[in-house]
Amino acid sequence: MKYLVAAGAVLSGLTVGGATAAERTLTVYTYDSFVSEWGPGPGIEEAFEARCGDCDLRFVALDGGVDILQRLRLEGEGSGADLVLGLDMHLMAEARELDLLAPHGVDPSALELPIAWDDDTFLPYDWGHFAFVYDSEQLEDPPGSFAELLEAPDDVKIILQDPRTSVTGQGLLLWMKHVYGDAAPEAWERLNERVLTVTNGWSQAYFSLFMNGEAPMVLSYATSPAYHMAVEETDRYQAAEFDEGHYLQVETAAMLRSSDEPELARDFLAFMLTPDFQRHIPLGNVMNPAIDLGDELPAVFERLIDPESLTFTPEEVRDNRRAWIREWLNAAAR
């Protein structure tokens, strides 16, 4: 989830004379909002370093999951990462083909996801559904389905993200394809009549445009209202629940086979499925935790929509994404 991105790409441990005071360093490639001041990274860093006692958890922030994957491609066996955190389920097949990752060795039985999970390489740490978030002060009666959105009045405009550069944009691409199948090109043409603009990333769409009142709806997550309700104490922003169901995103972490600290990397992956990690996810990453947090789950999460989950397999996405992007581009050009 992309909330309150801070300046600075790296959070590191205490340094003495330019070198880390810790004996072991664990380097994790992730995305920028994860390590932002208001993201989950700082709290997770503190908790893990307290757990391991003699380690320095070093986050290296990139723009997003696609950038993490590209960094792995470029670096190969010489990668500086021990772990990657932020590859969603739709990038797993491509990441696996790089032959750089190792089994996590973690018991996944604590996972609480909308789908079954038995992958031995990628371990989930959060999940959520893509959704259109609306401003209730601009839009009193939001659409309850794609069919209603496509037939909405001309003044009901939406802000989208580019599926070539944005995880949320890709989420809508998959959502539309799952709902409309071979009729997706025609649905894209009709949806384009509602589009105010398409941005490269989520932050620009959400914070720069939607939160400044440029349009009443924006492509985001079903969990986004939790942040507004819990932190800003407002019910103004809500997610529209669609009858067709909502496309699911599961975010994962994986360790590199070339890691200099394989034991520490597996310790971190096991730590991901503990409350000490997961309690930072709901309001830090504004996503659903991957385990049952019980009473630690913020109460506002009980007020969110709970839609049906739609998915493709990672292999289906890998094999068809380029063709589905061409469908979107062709529709946008008409």
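Modeller: Let's start with a term: a disulfide is a pair of cysteine sulfur atoms within 2.5 Å. Please keep in mind that this is a predicted model.

Biologist: Thanks! Which cysteine does a disulfide join to C52?

Modeller: The cut-off for a disulfide is 2.5 Å between sulfur atoms. Here the S to S distance is 1.7 Å, so the pair qualifies under that cut-off. The partner of C52 is C55.

Biologist: Does C55 count as buried or exposed?

Modeller: Buried means under 20% relative accessible area. C55 has 7% relative accessibility, so C55 counts as buried.

Biologist: Now to the helix. Which residues of α1 are buried?

Modeller: Helix α1 runs over residues 41–52, and E46 and A50 are exposed on its other side. The buried residues of α1 are G41, I44, E45, F48 and C52. They cover an arc of only 100° around the axis, which puts them on the same side of α1. So the names you want are G41, I44, E45, F48 and C52.

Biologist: How is α1 placed against α9, roughly perpendicular or oblique?

Modeller: α1 and α9 (residues 262–272) pack with their axes 11 Å apart, at an angle of about 120°. Roughly perpendicular covers 65 to 115 degrees. The angle therefore makes α1 oblique to α9.

Note on methods: Residues numbered from 1 in each chain as written. Predicted model: local features only at pLDDT ≥ 70, side-chain atom pairs only at ≥ 80, totals over all residues. Heavy atoms only, no water. Helix = DSSP H or I, 4+ residues; strand = E, 2+ residues; numbered from the N terminus. Expected span 1.5 Å × (residues − 1). Buried < 20%, exposed > 50% of the residue type's maximum accessible area, 1.4 Å probe, protein only. Arc of directions from axis to C-beta. Axes fitted to C-alpha atoms, helices over the stretch in contact; angles between N-to-C directions. Parallel < 35°, antiparallel > 145°, perpendicular 65-115°, else oblique.
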